[in-house]
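Have a look at the model first, and then work through the numbered points below.

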Amino acid sequence: ANPELHGGRELTARDLLLAGEASLDKSTSVDREIKADVYSGVANLWSRLGDRQRAYHATAKRVRMLENLGPSPSLVTALLDKAEASLQSGAMDDLKSATDQIHDVSRKATLTDAQLSELRYYEGWRLLRSGSVRASKQAFTAAKDFAARVSDLDRSLRALSGRIHAPAAEKNPAAALDDYTSAIDILKDSGLSDEDRLRRAVEVVAPLYSLGEYRLGWPLISALAEESSAVLGEFSETQSALRLYWGRWRVQVGKPEAALAWLQGRSGRQLGRTSAPGGIESFDYLALETELLLASGRVKESRQALERLKSYDSQVSIGKKRLLSTIRLDLLIKENNGQGVVHELSGPVWRGVEKTSDESRWEFHKLWYQSLAHILLGEKLEALASLSTAESVAVRSWGASHPRTRTAQFLRLSLLASETDMSTESRNAALGRLQHLKDLLRESYPETHPPVSKADDIVSSLESRRLAWPAAEKPRSPQLFVLH
């Protein structure tokens with residue numbers, strides 16, 4: 001935009017879109033249906049700029065415009081878009097409201113098979129997030145069947161991505177990987193545009209993270225990030241979800257520098273000032289940057305970034321608050337501050353995680369960090385008790401073969417194997433189990449992943465010394481694995 005017309009200030013696309021939407025909000029002379037169509041375009045633009053919250057609000061305005069005109073195909077389309085925006089922004093109550101309203105409208109306006117596929121897909125996610133795993137799988141299967149009726153590969157892929165998530169929640173990785181293989185086969189010859197194919201590929205690959213298939217998923221995420229940069233542009237906001245996944249995988253595999261360089265290039269400013277267009281995305285990018293800084297050993301800068309994240313406290317969900325707390329906990333552990341870990345875990349965001357069935361992920365993390373605090377404070381018995389409970393929670397949540405379960409088991413056994421009064425026979429048996437667990441972890445993690453080398457170090461140390469840590473000695477860093 002011409003800066004001479006705006007007080008010498010260069011207007012960005014975001015500025016123009018904000019001004020245009022504000023003008024549309026005030027307009028009373030535009031036909032409601034036309035106004036709804038314009039809001040649809042506004043929502044799409046906000047989405048392409050990476051601002052999910054503003055995209056959601058624009059979509060909600062569109063729905064309100066069309067509601068006044070009565071049930072119609074246009075209202076169904078708008079409500080489906082609202083369901084998508086609600087899912088992307090994590091507004092599960094609004095997602096339920098949108099799907100319930102679609103059911104009401106469908107009594108007077110017939111839904112197409114494509115629309116029914118979308119409706120079942122969104123219902124699947126609502127059910128999955130509420131803990132109704134079996135029902136969610138049925139909904140995703142119905143979504144796939146409706147898409148197949150009209151040979152809609154795009155919607156079939158979305159339904160399959162949901163079906164991959166559902167058995168992952170059921171601790172059935174074999175079924176999840178079967179659907180993953182089917183989705184990959186479809187992607188190879190889908191006929192979708194490059195942008196749509198990449199978007200669907202991210203949805204299909206993302207569940208591998210929760211399945212613990214880090215070795216399988218890491219090269220796929222890396223290849224998708226590289227292709228996305230070539231197709232969409234390295235800093236395109238349309239690939240923001242992929243880049244956030246990619247960055248977090250880089251934290252997991254101990255390769256933070258490339259992601260930090262990408263964030264620096266994206267922001268055009270010094271690290272520590274990373275920002276997305278606005279809202280929750282700003283939090284996501286800054287939280288990722290903080291994790292990456294910490295993973296690269298830049299403790300001072302990560303602490304400064306944590307301070308900036310405090311300004312988002314009133315805007316983000318309890319899950320994001322806990323994510324922020326885990327970053328603080330990792331920082332405290334790097335500083336060998338066991339008392340600080342205990343204090344952080346006593347805060348309000350961690351209260352009650354043991355009492356809710358769908359909080360098992362966070363219950364595990366709380367127990368994990370408790371055990372590390374006990375190790376730092378020299379409280380081996382308490383550490384063993386926390387690790388034993390953490391292991392049970394992990395089995396219940398993800399299954400016995402998940403890397404999180406094996407990680408807790410490995411650390412517990414390594415503490416037991418370091419006991420000074422253990423018999424040679426018992427110690428040898430413990431070391432044998434540790435060696436086996438280490439080999440199993442290597443099957444899940446990439447060879448260069450920090451847990452693999454740290455597990456090697458622990459086993460080698462125990463085999464060479466065959467004695468406990470001296471009472472006054474504490475391990476340099478009990479944080480064997482980043483488990484976000």
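1. Glutamate 203 and arginine 200 both belong to helix H10 (residues 194–205) and sit three residues apart, so about one helical turn separates them. Helices (H or I, at least four residues) and strands (E, at least two) are DSSP runs, numbered from the N terminus. The two side chains meet in a salt bridge, at 3.2 Å from N to O. That term is used when a side-chain nitrogen of Lys or Arg lies within 4 Å of a carboxyl oxygen of Asp or Glu.

2. Are these two partners buried or exposed? Both glutamate 203 and arginine 200 are buried (buried means under 20% relative accessible area, exposed over 50%, and partly exposed in between, with a 1.4 Å probe and protein chains only). Through salt bridges that share partners, Glu84, Asp154, Arg158, Arg200 and Glu203 are joined into one network.

3. A word on what you are looking at: this is a predicted model, in which local features need pLDDT of at least 70 and side-chain atom pairs count only at pLDDT 80 or more, while totals for chains, interfaces and linings use all residues. Residues are numbered from 1 along each chain as its sequence is written, and side-chain values use heavy atoms, with hydrogens and water left out.

4. For the overall picture, the protein chain has 23 helices and zero strands. Of its 484 residues, 51% are buried. Among contacts (heavy atoms within 4.5 Å) between residues at least 6 apart in sequence, 63% join residues at least 24 apart.

5. How many salt bridges does the structure hold? There are 30. One of them pairs lysine 96 with aspartate 100, whose closest N and O atoms are 2.7 Å apart. These two are four residues apart in helix H5 (residues 92–106), so they are separated by about one helical turn. Lysine 96 counts as partly exposed because its relative accessibility is 39%, and aspartate 100 is also partly exposed, at 31%.

6. Aspartate 113 and arginine 149 form another salt bridge, with the closest N and O atoms 3.5 Å apart. This pair links distant parts of the chain, 36 residues apart: aspartate 113 is in helix H6 (residues 113–129) and arginine 149 in helix H7 (residues 133–149). Aspartate 113 is partly exposed, with a relative accessible area of 23%, whereas arginine 149 counts as exposed at 58%.

7. Now for helix packing. The axes of H17 (residues 318–334) and H18 (residues 338–345) come within 8 Å and cross at roughly 165°. Axes are lines fitted to C-alpha atoms, for helices over the stretch in contact, and angles run from 0 to 180 degrees between N-to-C directions. H17 and H18 are therefore roughly antiparallel (angles under 35 degrees count as roughly parallel, over 145 as roughly antiparallel, 65 to 115 as roughly perpendicular and the rest as oblique). On the H17 side, Ser325, Arg328, Leu329, Leu332 and Ile333 meet Gly340, Val341, Glu344 and Leu345 of H18.

8. Compare that with H12 (residues 214–232) and H13 (residues 240–252), whose axes come within 10 Å and cross at roughly 135°. That angle makes H12 oblique to H13. Residues in this contact include Trp218 and Ile221 of H12, along with Trp246 and Trp249 of H13.
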